[in-house]
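Subject: Structure handover

Hello,

Here is the structure I said I would pass on. Please open it next to this email, and read the notes below with it in view.

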Amino acid sequence: MIPKLVELKDDSEYPPPYTHLVLKTDLAEASYSDPRKFGSVRLSTSLEDGFGELAPDALFLCGPTTATTLDGLVGKQMGIKGLLLDQKRVMSGIGNWVADEVLYQSRIHPDQTHLSRPQVEALGTIIQFVLSTAVACLDRNEEFPSDWLFHCRWGKRKKTAIQDPKGRAVTFLTSASRTSAIVPSIQRKTAPTKNSAKMTPLNPKSQDEVVTAQKKKKRPAKEPSTLTNDEI
């Protein structure tokens, strides 16, 4: 994630807390503050240096026509959120809230493993939708769509119950060492079956909560019985 440049108020503390680097010119001065220590700084004479280590930009990587390039997400033992946050593995540019949003819209648990190819292809399409929509909204200085989890994921410290735009309960857990907002009723962790294209819910509470389930085999119809003359 590229850091934001924020102009401080006259009464703000400078340099701000957690400053690790101060850049000065004859006309201005800027400080690099990183409270969570997730970032890094690299000095170079070219913008291309260093960025080559990153995976392709998720905004331009995902979609129906490029889903075959997402093999790094298919059938992996690592949780899907950890894969999405790893900027060098499959794609770059996805941060914590974006990962939560795409998994919410995809109805996938952040710790889900062994995703099937159809799941990954659908996830790729949603990633592109969320990123392109977010970029367009920021460019127009507009709010994100009202049905996004984004608007209710910041209320972890509130004492009142948090619900998504459809009234479903929102809970918080730690996934990939990050706080994650999920809606348990639609984001259920599933176990892989012999057929990787199918997923069976773990301990489902009700049939309504089953997102995908194995189809039950139909029993063969019994042949009609016949009576002999002796039995009539």
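**Notes on the structure**

Helix α3 is followed by Arg 107, a residue with a positive phi, near 60 degrees. Please keep in mind that this is a predicted model.

The overall layout comes next. The protein has six strands and four helices, and along the sequence they follow the pattern β-β-α-α-α-α-β-β-β-β. Of its 232 residues, 32% count as buried. The accessible surface comes to about 16,700 Å², and carbon and sulfur atoms hold 52% of that. Among contacts with a separation of 6 or more, 48% are accounted for by residues 24 or more positions apart.

Why is α3 described as largely enclosed by the rest of the structure? The helix covers residues 96-106, and nine of its eleven residues are buried, so the description follows from that count. The buried residues are Asn 96, Val 98, Ala 99, Asp 100, Glu 101, Val 102, Leu 103, Tyr 104 and Ser 106. What do they pack against? Their partners are α2 (80-85), α4 (117-139) and β4 (178-182).

As background, nonpolar side chains tend to be buried together in soluble globular proteins. In this model the largest nonpolar core has 28 residues, and the members that touch the most others are Leu 73, Ile 80, Leu 84, Met 91, Val 102, Leu 123 and Ile 127. At least two residues of this core come from each of α1 (58-61), α2, α3 and α4. Which helix gives the most to this core? That is α4, with eight residues.

Leaving aside residues up to four places away in sequence, Leu 123 touches Leu 73, Ile 80, Val 102, Leu 103, Ser 106, Ile 108 and Leu 115. There is also a second, separate core of eight residues, which includes Leu 149, Ile 162, Ala 181 and Val 183.

Last, the cysteines. A disulfide is a covalent bond between the sulfur atoms of two cysteines. How many disulfides does the structure hold? The number is zero. Are Cys 137 and Cys 152 buried or exposed? A residue counts as buried under 20% relative accessible area. Cys 137 has 5% relative accessibility, so Cys 137 counts as buried. Cys 152 is at 13%, and therefore counts as buried too.

Regards

Methods. Residues are numbered from 1 along each chain as its sequence is written. This is a predicted model: local features need pLDDT of at least 70, side-chain atom pairs count only at pLDDT 80 or more; totals for chains, interfaces and linings use all residues. Side-chain values use heavy atoms; hydrogens and water are left out. Buried means under 20% relative accessible area, exposed over 50%, partly exposed in between (1.4 Å probe, protein chains only). Contact means heavy atoms within 4.5 Å. Accessible areas come from the Shrake-Rupley method with a 1.4 Å probe; for residues, only the protein chains shown count as cover. A disulfide is a pair of cysteine sulfur atoms within 2.5 Å. A nonpolar core is a set of buried Ala, Val, Leu, Ile, Met, Phe, Trp, Tyr and Cys residues joined through side-chain atoms within 4.5 Å.
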